[in-house]
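Q: Could you walk me through this one? I'd like to start with how the helices cross.

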Amino acid sequence: MSEAILAHPRFISLEGGEGAGKSTAIASLRDVLQKRGHEVLLTREPGGTPLAERIRALMLDNRQALRGDGDEDEPLSAEAELLLVFAARAQHVRQVIRPALQRGVFVVSDRFTDSSYAYQGDGRGLDMGWIAELERRAVGLRPALTLLLDLDVREGRARIAGRDLWPDRIESEQDDFFERVRAGFRRRAAAEPERFRVVDAARTPGEVGEAVAAALTDWLERAS
């Protein structure tokens, strides 16, 4: 795969912290595109292919400890977490995203590489240059539009409290981790205003859906 990073005009990503309402917002994006006559593929990360979904399960599983050859629990290191995310992403891009884009389909992904910079870079403290190198070598693709659902960490955590009987590894982190993640997303949005649209996710799901639909419509009209 080429090391050049292409911002594809039919590739859109949705980013945000825990509880920001991405599931509702992504449906609004699909509706806008379909009403304009476009074929749309909704996908997610980590995941998007059978193999990538298995990698996702391994990375996020918090119900049973990862174990080595002995009986001791083996925690997943930050470096291993990052590499698992990119392994899943490389498979996702090659098997799903690029083929759909080549067919003329709009691809809307619930998370993409910006999440690696925010979660593994800002959140875990891993080297941003390493993440950028993985992005160039293993992915080579970037959304032309990224919608960031921005929400206060405590409010987002309150929204998802009790949602799952077994919170995953990421959801089980402390507030300070998510504060770093949120700050990382906001810095990326500020650094790339042409690509990012920041949406206040503190509003009702309906209002957030309307806001992301308006942002996408404006972007499509500017691009036409």
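Q: Is the crossing of H4 and H7 left-handed or right-handed?
A: The crossing of H4 and H7 is right-handed; a crossing is called right-handed if the near helix is turned clockwise from the far one by less than a right angle, and left-handed if anticlockwise. This is a predicted model, in which local features need pLDDT of at least 70 and side-chain atom pairs count only at pLDDT 80 or more, while totals for chains, interfaces and linings use all residues. Residues are numbered from 1 along each chain as its sequence is written, and side-chain values use heavy atoms, with hydrogens and water left out.

Q: At what angle do H4 and H7 pack?
A: Helix H4 (residues 113-123) and helix H7 (residues 175-191) pack at about 135 degrees, with their axes 8 Å apart. Axes are lines fitted to C-alpha atoms, for helices over the stretch in contact, and angles run from 0 to 180 degrees between N-to-C directions. H4 and H7 are therefore oblique to each other, since angles under 35 degrees count as roughly parallel, over 145 as roughly antiparallel, 65 to 115 as roughly perpendicular and the rest as oblique.

Q: Which residues of H4 make that contact with H7?
A: Among them are Tyr117, Ala118 and Tyr119 of H4, and the H7 side includes Phe177, Phe178 and Val181, where contact means heavy atoms within 4.5 Å.

Q: And how are H4 and H5 placed?
A: The axes of H4 and helix H5 (residues 128-139) come within 10 Å and cross at roughly 150 degrees, and H4 and H5 are therefore roughly antiparallel to each other. The crossing of H4 and H5 is right-handed.

Q: New topic: in what order do the strands of the sheet come?
A: Five strands form an open sheet in the order S2-S3-S1-S4-S5, and the pairing is parallel; helices (H or I, at least four residues) and strands (E, at least two) are DSSP runs, numbered from the N terminus. Two strands pair if DSSP finds at least two bridges between them.

Q: Which strands stand at the edges?
A: Strand S2 (40-44) and strand S5 (196-200) do, each with a single partner strand, so one side of each is left without a neighbour in the sheet.

Q: What lies across S4 and S5?
A: H7 lies across strand S1 (6-16), S4 and S5, running at about 125 degrees to S4.

Q: Last one: is Leu151 buried or exposed?
A: Leu151, which lies in the loop between S4 and helix H6 (153-160), is buried, with a relative accessible area of 8%. Buried means under 20% relative accessible area, exposed over 50%, and partly exposed in between (1.4 Å probe, protein chains only).
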